[in-house]
Amino acid sequence: MILTVLQYIACVLTILVGAYSLFAPKSAGKFTGLTPEGGRGITEIRVVLGMFFVALGAYPILFPSDESFHMLGFAYVLVGIARLISIFVDKSGEQSNWISVASEFILGAILLF
């Protein structure tokens, strides 16, 4: 029961991150270190960091199944692995990057179990 609640919370957090990027792309860009150039760059933040995250978080809520939650968890774990590798390869060990990788692994674990 508690795990199910945590899984739904993980989905809602995913939606909120996406909504923030969708409706405040310039602020989201500053948080992520991305600098959008012109309308095209802002559109990419809205779409990729915004609506894509909204869709990923909403799917398990709208179509609940173990597979739906696992898909989102698998995505978080793979993103966390890529970020962890990138922290070392790109020498980008800022605190926000470490917070992000920890969040991705925690959310991934919650969604996979």
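Predicted model: local features only at pLDDT ≥ 70, side-chain atom pairs only at ≥ 80, totals over all residues.

Modeller: The chain averages a pLDDT of 94, and 100% of the residues score at least 70.

Biologist: Where in the chain is confidence lowest, and where is it highest?

Modeller: Helix 2 has the lowest confidence, with a mean of 83, and helix 4 has the highest, at 98.

Biologist: How do you know that the length of helix 1 agrees with its number of residues?

Modeller: Helix 1 runs over residues 2-23, which is 22 residues.

Biologist: Which residues of helix 1 are buried, and what makes them one face?

Modeller: The buried ones are Gln7, Ala10, Cys11, Thr14, Gly18, Ser21 and Leu22. Looking down the axis of helix 1, these buried residues fall within an arc of 115°, so they line one face of the helix. An α-helix has 3.6 residues a turn, so residues three or four places apart point the same way. On the other side of helix 1, the exposed residues are Ile2, Leu16 and Phe23.

Biologist: What covers the buried residues of helix 1?

Modeller: The cover includes helix 2 (25-32), helix 3 (38-62), helix 4 (66-89) and helix 5 (95-112).

Biologist: Which residues does Cys11 touch, leaving aside its neighbours within four places in sequence?

Modeller: Cys11 is in contact with Gly57, Pro60, Ile61, Phe69, Leu72 and Leu111.

Biologist: Which residues make up the largest nonpolar core?

Modeller: That core has eight residues: Ala10, Cys11, Leu56, Phe69, Leu72, Tyr76, Leu107 and Leu111. Helix 1, helix 4 and helix 5 each give two or more residues to this core. Helix 4 gives the most, with three residues.

Biologist: How many aromatic pairs are there?

Modeller: The count is three aromatic pairs. One of them is Tyr8 with Phe69, with 5.1 Å centre to centre and 75° between the planes.

Biologist: Why is the pair of Tyr8 and Phe69 called edge-to-face?

Modeller: Planes over 60 degrees apart count as edge-to-face, and the angle here is 75°.

Biologist: Why is the pair of Tyr59 and Phe63 called tilted?

Modeller: The planes of Tyr59 and Phe63 are at 40° and the ring centres are 4.9 Å apart, so the pair is tilted. An angle under 30 degrees would count as stacked. Tyr59, with a relative accessible area of 42%, is partly exposed, and Phe63, at 49%, is partly exposed too.

Biologist: How do you know that the buried residues of helix 2 are on the same side?

Modeller: The buried residues of helix 2 are Pro25, Ala28 and Gly29. They cover an arc of only 105° around the axis, which puts them on the same side of helix 2. They pack against helix 1 and helix 3. The face turned away from that buried side carries the exposed residues Lys26, Lys30 and Phe31.

Biologist: What comes after helix 2?

Modeller: Gly33 follows helix 2, and its phi is positive, near 85°. Thr35 lies in the loop between helix 2 and helix 3.

Biologist: Why is Thr35 called exposed?

Modeller: Exposed means over 50%, and Thr35 has a relative accessible area of 69%, so the label applies.

Biologist: What makes Lys91 stand out?

Modeller: Most residues other than glycine have a negative phi. Lys91 has a positive phi, near 50°. Lys91 is placed in the loop between helix 4 and helix 5, and is exposed, with a relative accessible area of 73%.

Biologist: Is Ser92 buried or exposed?

Modeller: Ser92 has 13% relative accessibility, so Ser92 counts as buried. Ser92 lies in the loop between helix 4 and helix 5. Leaving aside neighbours within four places in sequence, Ser92 is in contact with Ser86, Ile87 and Asn97.

Key:
Residues numbered from 1 in each chain as written. Heavy atoms only, no water. Helix = DSSP H or I, 4+ residues; strand = E, 2+ residues; numbered from the N terminus. Expected span 1.5 Å × (residues − 1). Buried < 20%, exposed > 50% of the residue type's maximum accessible area, 1.4 Å probe, protein only. Arc of directions from axis to C-beta. Contact = heavy atoms within 4.5 Å. Phe/Tyr/Trp six-rings, centres within 6.5 Å; stacked < 30°, edge-to-face > 60°. Core = buried A, V, L, I, M, F, W, Y, C linked by side-chain atoms within 4.5 Å. pLDDT = per-residue confidence, 0-100.
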